[in-house]
Amino acid sequence: MKRTPELRGEAPALLLVELDPVTVIDGERCEDTYLAGDVAAVGAMREFCPACRQGQLQLVPRQDNVRIAHLFCYHCTRCFGALFEDGTQALCE
Ligand SMILES: [Zn+2]
């Protein structure tokens, strides 16, 4: 996984696309919530959640119960994928 040094104000804007947690994380659908086991986030992103605008997005890499690297908002528990402006995936597997 390529590490991008922190560039304040220099990094390209990312397009955030909400993902269905079912496709991202192995878990159990339980009424209107989706329960997953422990999911480790590796760090906070510059971006805030575009849905609730409250939570700073956390980068969640692929791991045992995570199928796709994604961004996660602890505030509203939404998952997002990130694309560069040209449409390429910003999060490497
Ligand atoms: Zn949120």
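Residues are numbered from 1 along each chain as its sequence is written. Because the model is predicted, local features are reported at a pLDDT of at least 70 and side-chain atom pairs at pLDDT 80 or more, whereas totals for chains, interfaces and linings use all residues.

Strands, like helices, are DSSP runs numbered from the N terminus (E, at least two residues, for strands; H or I, at least four, for helices), and two strands are taken as paired if DSSP finds at least two bridges between them. Strand β4, which covers residues 43–48, runs antiparallel to strand β5, residues 56–60, and the two are joined by 3 bridges; in this pairing, F48 stands opposite Q56 of β5. Strand β5 is also joined by 3 bridges to strand β6, residues 70–72, again in an antiparallel arrangement, with L59 having L71 in β6 as its bridge partner.

Most residues other than glycine have a negative phi. R53, in the loop between β4 and β5, is not a glycine and yet has a positive phi of about 60°. R53 counts as exposed because it has 10 C-beta neighbours inside 10 Å, where 12 or fewer other C-beta atoms within 10 Å define exposed, 20 or more define buried, and values in between define partly exposed, with C-beta atoms placed from the backbone. T77, likewise not a glycine, has a positive phi of about 55° and is found in the loop between β6 and β7 (79–83); with 14 C-beta neighbours inside 10 Å, T77 therefore counts as partly exposed.
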